Amino acid sequence: MLTKVDDRVGTELWMSNSEASRRRLSETLSAPTPDRVSGVVVEIGAGLRARAAEVADGMARRLIREVAYSPNDPLLEQLRIASVHANVATLIDILVDGMPVGRMQPPRAAVEYARRAAQREIPPNLLVRSYRMGENAMMRFCHDEVGRRDLPVALGLAVIDRITEIVYSYADWVTLYVFETYEAERERWLDILGNVHQSIVHGLLSATTPDPAKFEAATDYRLDRVHLGVILWCTGNKEVDILNVAESRVASLGRQLEFDGPPLVTAIDSRTLWVWFPFAGLPAADPGALRSAADLPAGVRLATGSPGHGLDGFRRSHRQAAAAHLVATLPGTPSDRSAIGFGDPGVAVVSLLAEDMEATRTWVREVLGELADDTESAAALRETLSTYYETGQSHVRTAQRMALHRNTVKHRVAKALRSIRMHGGTHERLDIAVALQVCRVLGGNVLRTPD
C-alpha cells in the first residue's frame, strides 16, 4: 500500500514530467524551421508596414541632418525624401511578400534622385553613404519589431539573421543600380554640347580669390559689364527639355533686349538653367517683361536678381536670383506667378526669413493675430491693409488701386487694425507691413488653418 509520502512524490514526479513535456513541445513548435522563420519575418514586415511613415520620416530626417549637400535646392531635398519613402516601402514589400530582390524593379523615385544628384554634381560617395546609413537605420527598426515579440532565443536569432540577409541584399542591389544610373547620367550630362561646365561657374561664384581671367578664357564671357542673373526652371510632372529652351528662346533675347553679347548659360540639371545676360549699361530688370520677351513655354518659371557691374555684380545678381528662386520653390508657396524678381515687394526680406521657417511662422502669427488665418475674409483684410501701407496710408489711393469704394477701404483697414489690437499686438507699422508681405509671398507656409 502506498503511503501519503509516496503519493506526494508520485504526483510531483508526474507534474515534473508533464512540465518537461510541455517545455519540449513548446520548443518543438517554436524551433527555427525555415517555414517558422519566414512566418515571423512576414509578421515583422506587417508591423513595419503599419509604421511605414514613421520609419521613412525618421530615416529621412537623419539623412538630411547627417549627409548635408551644399546646393540649396528644395526640389533635390524633396526627391531625396521621396526616394527614402519609396525604398522603405519596397523593402517592406519584400519582407511581407518574400519576393527575391533580383526580381524587383528599383523604386522610380530612387532612380530619379540619383539622376538629379548626378546633374547637380553631388559626390557619388555621399549617395552610397546615404544608402549605408539607411540600411543601418532599417535594421534598428527591424530589431525593434523583433523585440516587441516574446520570441524564443533561437527563433529570434534566426529571424534577425534572415532579416539582415534581406536588408543587406536589398541595400547592395539598389546601391549598385542607382550608382550605375548616377554614372550614366553624369557621363551624358558632361557630353552635352554648348553647355558651360557648371564647375567653372561654381568656381567663380564660390572662390575666396576668384580668377576672372581664367574664367573669361574658359567661357568667352567678359566680366567688365553689367550682368543680370536669371534662373529658369521647369515645374510640374511634364518633362521639358530645358537645354532646348536655352538654345531656342534664351539666346534670341539678345536680339530683342539689346544685350552686350551672348548670354552665359549653364544647365544645373535637366530642369534648371542658370543664365547671365550682359548689358553695356544699366537695364530695367523686370522679370515679367523678360519672361514675356523670352516667350517661354508653359511650365517654365523665371527668377531674376538685380543688375550688377563687374565680378561682384555677376556674383551678387546670381545670389539674388537664387534667393528669389528659393522663395518661389518653397513647398506651399503660391505658384501662380510665372516670374519672380528679387526686387519684387517682400521677396528680399522673405528670402532671409525663409531660412528659419518655424520662427518666421510664429512671428507672423504673433504680429497679425487672426489676420494670419487662411480664410477668404482674412485674405481680403490683409490685401487691403498691405495696399494701404504701400500707398502711404491713403484711403483714396488704396481704393483706386483696388477698385473699391473709399468707405469700403476705411472699413476694412479699421477692422484689420482692430483685429490685430484685439490679439494683443503692440507692433510697429513696419512690423505689420513686413508680416503682410511675408503672407503674400509665402502663403500657406505661414498662415494658420482655423480649427
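T384 sits in helix α16, where helices (H or I, at least four residues) and strands (E, at least two) are DSSP runs numbered from the N terminus. Keep in mind that this is a predicted model, in which local features need pLDDT of at least 70, side-chain atom pairs count only at pLDDT 80 or more, and totals for chains, interfaces and linings use all residues. Residues are numbered from 1 along each chain as its sequence is written, and side-chain values use heavy atoms, with hydrogens and water left out.

**The chain as a whole**
- You'll find 19 helices and 6 strands in the chain.
- Of the 451 residues, 47% are buried, meaning under 20% relative accessible area, with exposed being over 50% and partly exposed in between (1.4 Å probe, protein chains only).
- Among contacts (heavy atoms within 4.5 Å) with a separation of 6 or more, 74% are between residues 24 or more positions apart.

- T384 has 0% relative accessibility, so T384 counts as buried.
- Leaving aside residues up to four places away in sequence, T384 touches T398, M402, V409, R412 and V413.
- L381 is in helix α16 too, and L381 counts as buried because its relative accessibility is 11%.
- With residues up to four places away in sequence not counted, L381 touches L371, R412, K415 and A416.
- L381 and R412 are 31 residues apart along the chain, yet their C-alpha atoms are separated by 5.9 Å.

- Helix α15 covers residues 357-368, which is 12 residues, and reaches 16 Å from its first C-alpha to its last.
- That is close to the expected 16 Å, a span worked out as 1.5 Å times one less than the number of residues.
- Its buried residues are M357, T360, R361, V364, V367 and L368.
- Looking down the axis of α15, these buried residues fall within an arc of 135 degrees, so they line one face of the helix; the arc is that of the directions from the helix axis to the C-beta atoms.
- Some handy background: an α-helix has 3.6 residues a turn, so residues three or four places apart point the same way.
- What do the buried residues of α15 pack against? They pack against α14 (347-353), α16 (376-390), α18 (406-422) and α19 (429-442).
- Just after α15 comes G369, with a positive phi of about 60 degrees.

**How helices cross**
- The axes of α15 and α19 come within 9 Å and cross at roughly 125 degrees; axes are lines fitted to C-alpha atoms, for helices over the stretch in contact, and angles run from 0 to 180 degrees between N-to-C directions.
- That angle makes α15 oblique to α19, given that angles under 35 degrees count as roughly parallel, over 145 as roughly antiparallel, 65 to 115 as roughly perpendicular and the rest as oblique.
- Where α15 and α19 meet, the α15 residues are M357, T360, W363, V364, V367 and L368, and the α19 residues include D431, I432, V434 and A435.
- Helix α17 (residues 395-402) and α18 have axes that come within 8 Å and cross at roughly 110 degrees, which makes α17 roughly perpendicular to α18.
- On the α17 side, H395, V396, T398, A399 and M402 meet R406, V409, K410 and R412 in α18.

**A look at strand β1**
- L232 lies in strand β1 (residues 226-234), and at 2% relative accessibility L232 counts as buried.
- The C-alpha atoms of L232 and R271 are separated by 8.1 Å, with the two residues 39 residues apart along the chain.
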